[in-house]
Structure formats: C-alpha cells, structure tokens
Amino acid sequence: MTDNQLQITNNQLPMTLLQVQDLTVYYGMVQALNNISLVVNEGEIVALIGPNGAGKSTALKAICGLLKATEGEIKTGDVTFRGKSIKNVPPHDLVKKGISLVPEGRRVFPTMTVLENLEMGFYTQFSVDSSQLSDRLNKVFDLFPVLKQRRKQRAGTLSSGEQQMLAIGRALMLKPKLLLLDEPSLGLSPNYVEDVFEKIKEINKNGTTVLLVEQNARMALEYADRGYVFKIGEIALEDTGKNLLGNDEVRRSFLGE
Ligand SMILES: Nc1ncnc2c1ncn2[C@@H]1O[C@H](COP(=O)(O)OP(=O)(O)O)[C@@H](O)[C@H]1O
Ligand SMILES: [Mg+2]
C-alpha cells in the first residue's frame with residue numbers, strides 16, 4: 001500500500017470520540033447496567049432506545065460523571081473520551097473536556113430570565129473569562145431565535161418546548177464536542193417534537209457529536225446515524241438508525257406495529 005492509499009484509508013475510518021467498554025453499574029444492591037459496550041464516533045448522532053428502567057439514563061450519567069450524585073457506582077469497565085479514561089472524572093472537569101448534558105425534564109431555572117439561564121450555563125465553565133460570552137450567546141440565538149425574542153422573559157413562563165430549547169441552548173453555551181440529551185422530546189406536543197429533532201440535526205451539522213436517549217424511538221431512529229436498543233441493563237441490538245427502523249423486533253416493541 002502506498003502512503004497515499006494509506007492516507008485515504010485512514011480518512012475513511014470513523015474517529016471514535018466516546019467509548020463505553022464492558023460497563024457494569026450498580027445503585028447499592030440494584031444492578032442497572034450489565035457489561036454494556038458502545039461507541040460514538042465523531043460527527044454522529046447516536047440514539048439509545050428501550051423500555052423504561054432499561055438503564056439508558058444510567059449510561060448517560062456514567063458518561064457525564066453524574067452517577068455519584070445519584071449514588072450509582074461503576075463496578076467494572078471503563079469510559080474513554082478521545083482515547084483517555086474519564087471514569088470517575090467529576091462533571092465540571094468533563095464539561096471542560098467538552099461533554100455537556102441536557103438532563104431529563106429540562107430543569108431550567110424558572111425564576112431567572114432566558115438570558116440569565118444562558119449566562120449561568122456559560123459561567124459554569126468560564127468563571128472569569130467572559131470575552132467569549134457574547135459570541136456564544138449569538139450562536140445560541142441564531143439557532144433558537146425564539147430565545148432571543150424572549151431573552152428578558154422568566155424561563156418558567158416559557159412553553160415546555162421553549163424550555164427544552166433553552167435547556168439545549170444552555171448546554172451549547174459550553175461549546176461541547178459531545179452533547180448528551182436525556183429524553184429531549186418527553187412531554188412536548190407533537191409539533192415541538194419535530195422542531196427539537198430538527199434543531200438537534202442542525203447542532204450536529206454545525207460540528208457537535210450527539211448521544212441521545214429517547215422514548216420516541218421512531219423519531220430518534222429517523223434522525224440517528226446509529227442506535228442501540230437497551231433491554232433490562234443490557235444492549236440487545238445495535239445497528240444503523242435506518243436498519244433498526246426496519247427491524248421486526250424493534251417495530252413490534254417500540255414502534256407500535
Ligand atoms: N438513583 C437510583 N437509585 C436506585 N436505583 C436507580 C436509581 N436510578 C435508576 N435506578 C434503577 O436503575 C435501573 C435503570 O434506570 P434508568 O437508567 O433510569 O433507566 P432508563 O433511563 O432506561 O429508564 C432501573 O431499575 C432503576 O430503577
Ligand atoms: Mg431514563
């Protein structure tokens with residue numbers, strides 16, 4: 001093989017951004033994950049689907065360092081980000097490395113304005129250097145014009161769809177390499193569900209890799225490059241979003257067919 005051919009081959013290999021390897025997690029005596037492995041390549045949208053209690057949120061928490069806060073513990077296995085172990089690294093350090101989570105249920109600060117919520121997102125990382133603040137704000141406002149419109153409004157007065165946009169915008173203030181989203185469409189009206197996914201697609205096109213957990217399996221798989229199907233603490237299936245949408249078991253169990 002010539003150098004040139006080698007170069008081409010290398011360019012075609014997906015770059016692994018995140019790797020979860022043989023991960024087993026317990027909450028006290030309760031086992032939530034049993035030896036799961038998954039990868040997220042740079043530039044992808046990856047979806048985790050599966051029934052309630054299957055361990056999807058636990059997987060996200062293990063990745064972004066929030067397990068400890070919920071009394072969870074990694075018993076065996078590892079999580080690596082850009083080739084380095086991030087197991088047991090605290091959340092604020094993971095944010096600095098470029099991993100940002102939009103938690104389930106949005107959790108914006110209801111009595112603070114939209115703008116204050118976004119600034120809070122920014123200052124969790126850059127407590128002193130505020131030179132980039134307006135640049136980040138503008139990027140978020142470009143993506144979500146409704147947030148610009150409502151920037152002086154208290155977050156609690158926004159619709160749930162707008163609150164979800166705000167929660168995503170707040171995570172984007174940290175300019176993540178990897179954006180984790182836990183149930184972004186939960187509780188949204190059908191119109192907003194599609195809006196949120198369209199925004200996620202746009203964020204991804206702008207260069208952010210996305211790992212999301214979703215109840216709305218159809219929507220998630222339509223937008224995801226690849227997906228993993230969880231089943232009581234294990235991964236039962238993995239494939240491209242398209243193939244999973246056509247998979248008989250997935251159709252019966254998650255797509256109501
Ligand atoms: N903080 C916790 N303490 C004890 N058990 C938990 C906790 N969080 C989740 N679990 C348990 O871990 C399992 C996986 O939960 P979770 O990751 O939330 O699933 P999913 O997100 O797929 O619905 C479930 O059996 C759940 O009851
Ligand atoms: Mg969950």
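The model is predicted: local features need pLDDT of at least 70, side-chain atom pairs count only at pLDDT 80 or more, and totals for chains, interfaces and linings use all residues. Residues are numbered from 1 along each chain as its sequence is written, while chains are lettered from A and ligands numbered from 1 in the order in which they are written.

**The ligand**

Select ligand 1 together with Y27, A32, K56, S57 and T58, which come nearest among the 14 residues around it. A residue is near a molecule or strand if its C-beta atom, placed from the backbone, lies within 6 Å of it. Helices (H or I, at least four residues) and strands (E, at least two) are DSSP runs, numbered from the N terminus. Colour β2 (30–41) and α2 (56–64) next, as each supplies at least two residues of the shell; α2 gives the largest share, three residues.

**The four-stranded sheet**

Now show the open sheet whose four strands follow the order β2-β1-β4-β5 with antiparallel pairing; two strands pair if DSSP finds at least two bridges between them. Its edge strands are β2 and β5 (84–85), each pairing on one side only. Eight bridges link β1 (residues 16–27) to β2 in the antiparallel sense.

**The six-stranded sheet**

Turn to the other open sheet, where six strands lie in the order β6-β7-β8-β3-β9-β10 and the pairing is mixed. At its edges are β6 (99–102) and β10 (234–240), each of which pairs on one side only. Select β3 (residues 45–49) and β9 (residues 226–231): these strands run parallel and are joined by four bridges. Here I49 stands opposite V229 in β9.

**Helices α7 and α8**

Finally, display α7 (residues 160–172) and α8 (residues 190–205), whose axes come within 10 Å and cross at roughly 15°. Axes are lines fitted to C-alpha atoms, for helices over the stretch in contact, and angles run from 0 to 180 degrees between N-to-C directions. This crossing angle makes α7 roughly parallel to α8, a term for angles under 35 degrees. Side chains to show are G161, Q164, M165, I168 and L172 in α7, which meet Y192, D195, V196, K199 and I203 in α8; contact requires C-beta atoms, placed from the backbone, within 7 Å.

Notes. Angles under 35 degrees count as roughly parallel, over 145 as roughly antiparallel, 65 to 115 as roughly perpendicular and the rest as oblique. Two residues are in contact if their C-beta atoms, placed from the backbone, lie within 7 Å.
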